[in-house]
Amino acid sequence: MIVYIDLNSIISISIHFLCFYVADFGDDLVRELSDHFSSTLEEHIENLTGLQAEWDLLKTLLYNHHDNFRNKTWSEINILFSEKCPNILVLFDLILSMPASSAICERGFSAMKQLKTEYRNRLSS
């Protein structure tokens, strides 16, 4: 089963700044992601049910305590909140580590196709 999720609607903090006024912003997507990646997350997270509470906490922390969070990189946010929201950050790191496309893999096969041709296979030394 392939699940298509608009990752920008969860992770892109600067684009969705105004959505932090809405209490349930991203809740459904966090729930869907945690269900989809549950087998992977169970290896790194003790309590999957606490992800929703950490997501709410992270939204609150970003909105209330960091006026200039739009200028922060993901690494800085990860360092700032790794003690308070470690599990939701593991979920986001998992999503961010996934390639956006299969272009790299396809490029490798294309290079191999250029090297391994019928003509090359018939050459003898």
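Helices (H or I, at least four residues) and strands (E, at least two) are DSSP runs, numbered from the N terminus. This is a predicted model, in which local features need pLDDT of at least 70 and side-chain atom pairs count only at pLDDT 80 or more, whereas totals for chains, interfaces and linings use all residues. Residues are numbered from 1 along each chain as its sequence is written, and side-chain values use heavy atoms, with hydrogens and water left out.

**Figure 1. Overall fold of the predicted protein.** The protein contains eight helices and zero strands. Along the sequence, the pattern reads α-α-α-α-α-α-α-α. Of its 125 residues, 32% count as buried, where buried means under 20% relative accessible area, exposed means over 50%, and partly exposed lies in between (1.4 Å probe, protein chains only). The protein exposes about 9,000 Å², and carbon and sulfur atoms supply 54% of this area. Accessible areas come from the Shrake-Rupley method with a 1.4 Å probe; for residues, only the protein chains shown count as cover. Among contacts in the protein with a separation of 6 or more, 64% are accounted for by residues 24 or more positions apart; contact means heavy atoms within 4.5 Å.

**Figure 2. The largest nonpolar core.** A nonpolar core is a set of buried Ala, Val, Leu, Ile, Met, Phe, Trp, Tyr and Cys residues joined through side-chain atoms within 4.5 Å. The largest such core has 21 residues, of which Leu41, Trp55, Leu58, Phe81, Ile88, Leu91 and Phe92 touch the most other members. Helices α2 (27–36), α4 (51–65), α5 and α6 (86–96) each supply at least two residues of this core. Helix α6 gives the most, with six residues. For Ile88, neighbours within four places in sequence are left aside, and the residues in contact are then Val30, Leu51, Glu54, Trp55 and Leu58.

**Figure 3. The buried face of helix α5.** Helix α5 spans residues 74–81, and within this helix Ile77, Asn78 and Phe81 are buried. Viewed down the axis of α5, the buried residues fall within an arc of 100°, so they line one face of the helix. The arc is that of the directions from the helix axis to the C-beta atoms. Phe81 is also one of the residues of the largest nonpolar core that touch the most other members.

**Figure 4. Surroundings of Leu57.** Leu57 lies in helix α4 and is partly exposed, with a relative accessible area of 34%. Apart from its neighbours within four places in sequence, Leu57 is in contact with Lys84 and Cys85. Leu57 and Lys84 are 27 residues apart along the chain, and their C-alpha atoms are separated by 8.2 Å. Cys85 counts as buried, at 0% relative accessibility.

Figure 5. A salt bridge is a side-chain nitrogen of Lys or Arg within 4 Å of a carboxyl oxygen of Asp or Glu. By this rule, the count comes to three salt bridges. Side chains of opposite charge can pair when their charged atoms come close. The side chains of Asp27 and Lys59 meet in a salt bridge, at 3.3 Å from N to O. This pair links distant parts of the chain, with Asp27 in helix α2 and Lys59 in helix α4, 32 residues apart. Both partners count as buried: Asp27 at 10% relative accessibility and Lys59 at 5%. Lys59 also meets Asp56 in a salt bridge between their side chains, at 3.5 Å from N to O. Lys59 and Asp56 both lie in helix α4, three residues apart, about one turn of the helix. Asp56 counts as partly exposed, at 30% relative accessibility. Salt bridges that share partners join Asp27, Asp56 and Lys59 into one network.

**Figure 6. The salt bridge between Arg31 and Asp28.** The closest N and O atoms of Arg31 and Asp28 are 2.9 Å apart in this salt bridge. Both residues lie in helix α2, three residues apart, about one turn of the helix. Arg31 counts as partly exposed, at 40% relative accessibility, whereas Asp28 is exposed, with a relative accessible area of 55%.

Figure 7. A disulfide is a covalent bond between the sulfur atoms of two cysteines; here a disulfide is defined as a pair of cysteine sulfur atoms within 2.5 Å. The structure holds zero disulfides. Cys85 is buried, at 0% relative accessibility, whereas Cys105 is partly exposed, with a relative accessible area of 46%.
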